[in-house]
Amino acid sequence: MALNFGDILDAVAQRRATQPALSSDDGDRTWAEFDARTNALARGLSKHGIATGDKICFLLFNGAPYVELLAACFKGRFVHVNANFRYTTAELQYILENSDSTALVYDRRLADVVGALDSGLRKRLLLIEAGQQGNDGPVRIEGARDFEAFLSGHDPRPLGIARSADDLLFIYTGGTTGMPKGVMWPHQSLALGLFADFFGRVEGEAQLADWMILLDTPRAYLRPLIASPLMHGTGLLAAITTMCNGGHIVVTDNAGSFDAARHWDLVQRHRADAIGIVGDAFARPLLAAFDAGCYDASSLRLIGSSGVMWSADVKQALLDRIPAATLFDSLGSSEAMNLGSSITARGGDSGTSSFGIGDGCKVFDDDLNEVQPGSGKIGFLARPGALPLGYYKDSEKTAQTFRTIRGIRYSVPGDMCMIEADGTITLLGRGSGCINSGGEKIFPEEIEEALKTHPGVDDALVFGIEDPKWGQAVHAVVRRNGASGAEEEALKTFLADRLARYKLPKRMRFTERSLRLANGKADYRLARSIDASG
């Protein structure tokens, strides 16, 4: 097999030249324009000493620079390294050093974070400063190069180089514990994982020619508004999938708080047929903005989410407002795609944490025996097939997550579940976050989702705190819904009808602050600090 994203993008540009490729706050680009800019950027990086396999760190908000730099990395055979735009200087420095990055492309609004890096490290890096529309101007860090000036000075023609299916892309994942780890995805494995449904129809080895045949097949969902951050796997993989299908990516700046009204404006303007979100953290504001405004969302056919649980009541509310849409809730991680999925259309019913198991996936118990459907036993979800190589410079963690069971290599991200008699799985949560209270295993996500079904709760995070009596005690931090007067005892009574008593929080704290990071994932560090502050 010989699939490389750079080769795919070269071929796509020839077929889609006059069609739209990218819309952002910087304007619209056709595929011919996108192709020329990304070729020039790749060639410029090469001429400034960035070699095959070198790592380029992205410290960027959603926008044209992120998408164009990603395509340039594919074409020039450079390795994408994502950094969270909320990182402190110390956290950014860790990513740069751990990944062995040789270049850093950052938004000029984050220049203070970059400027405070260790001077020795900063001098070793090729620094490129990008700016969203309205932020153009001289670079803020001495020695840095301006993104547009850098790009415009180089040849826009195709590079004409041989690429490899083994070229890499990194996805740094932080999880809830430990330092961020770089998941190493070869292009071939990632392509086969992303396009498994299509390559299921190809006999023999999958080659670029096979993908070109599939590219000419009419395809749905080619005009997505990617609302989730591109620096998070959910948004990143949506962008890659759209580019390789010759689609039209729509993105807008996400430097501040999530602007739901702006996103509905873009759906209406570009007639977006899909929108990519990250669970309730995005869906609830979108619902509120939709009800407060007047938008035409009739073009939407798909609303997709991945990375966190997506509440059943929120799904139903979206379908009530956009009845033609289908909701696709994907269960996956940076280490494994297509672990499971839940598809809901109007008139259907989908539980918050119930998924159809991914093709080839299995559930194993702690003794590595396959859990039988309907047995009621808890096990961990495992994915075989197209997988990453492991974690960059972390062989110990690689051995823990990528395990060989009876001769087959699996990715085991840590998702604990039960497999029901009908073959569906009920997701319980990540084993790393499991609370052991009085000898009972308690999964925080189960309690969080139960809390969020209360009309007075907007969001909730649950975690274990060391306790002399119980070993660990269940604590919760709750964000109320608007002016709701939801109180601790009332919520405990509410939960008592839904959960075993040993799962009920021993203590609840309330906050008006968002409990989510920019990527929509839970901010347990903040929740624990709120809990500790009393």
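Hi everyone. Let me begin with a definition: two rings of Phe, Tyr or Trp count as a pair if their centres lie within 6.5 Å. With that in hand, look at Phe170, Tyr172 and Tyr392, which ring pairs link into a cluster. Please keep in mind that this is a predicted model.

Let's stay with the rings for a moment. A search of the whole structure turns up 13 aromatic pairs. One of them joins phenylalanine 58 and tyrosine 66: the pair is tilted, with 4.8 Å centre to centre and 45° between the planes. Phenylalanine 58 and tyrosine 66 are both buried. Another tilted pair is made by phenylalanine 290 and tyrosine 295, at 6.4 Å centre to centre and 35° between the planes. Is phenylalanine 290 buried or exposed? Its relative accessible area is 16%, so it is buried.

Rings can have charged neighbours too. Arginine 480 lies over the face of phenylalanine 510, 4.0 Å from the ring centre. Likewise, arginine 498 lies over the face of phenylalanine 494, at 3.6 Å from the ring centre.

Now for helix 18, which runs over residues 524-533. Which of its residues are buried? They are Tyr524, Leu526, Ala527, Ile530 and Asp531. Finally, glycine 534 follows helix 18, and its phi is positive, near 75°.

Technical notes. Residues are numbered from 1 along each chain as its sequence is written. This is a predicted model: local features need pLDDT of at least 70, side-chain atom pairs count only at pLDDT 80 or more; totals for chains, interfaces and linings use all residues. Side-chain values use heavy atoms; hydrogens and water are left out. Buried means under 20% relative accessible area, exposed over 50%, partly exposed in between (1.4 Å probe, protein chains only). Helices (H or I, at least four residues) and strands (E, at least two) are DSSP runs, numbered from the N terminus. Rings of Phe, Tyr and Trp (its six-membered ring) pair if their centres lie within 6.5 Å; planes under 30 degrees apart count as stacked, over 60 as edge-to-face and the rest as tilted. A charge sits over a ring if NZ of Lys or CZ of Arg is within 6 Å of the ring centre and within 35 degrees of the ring normal.
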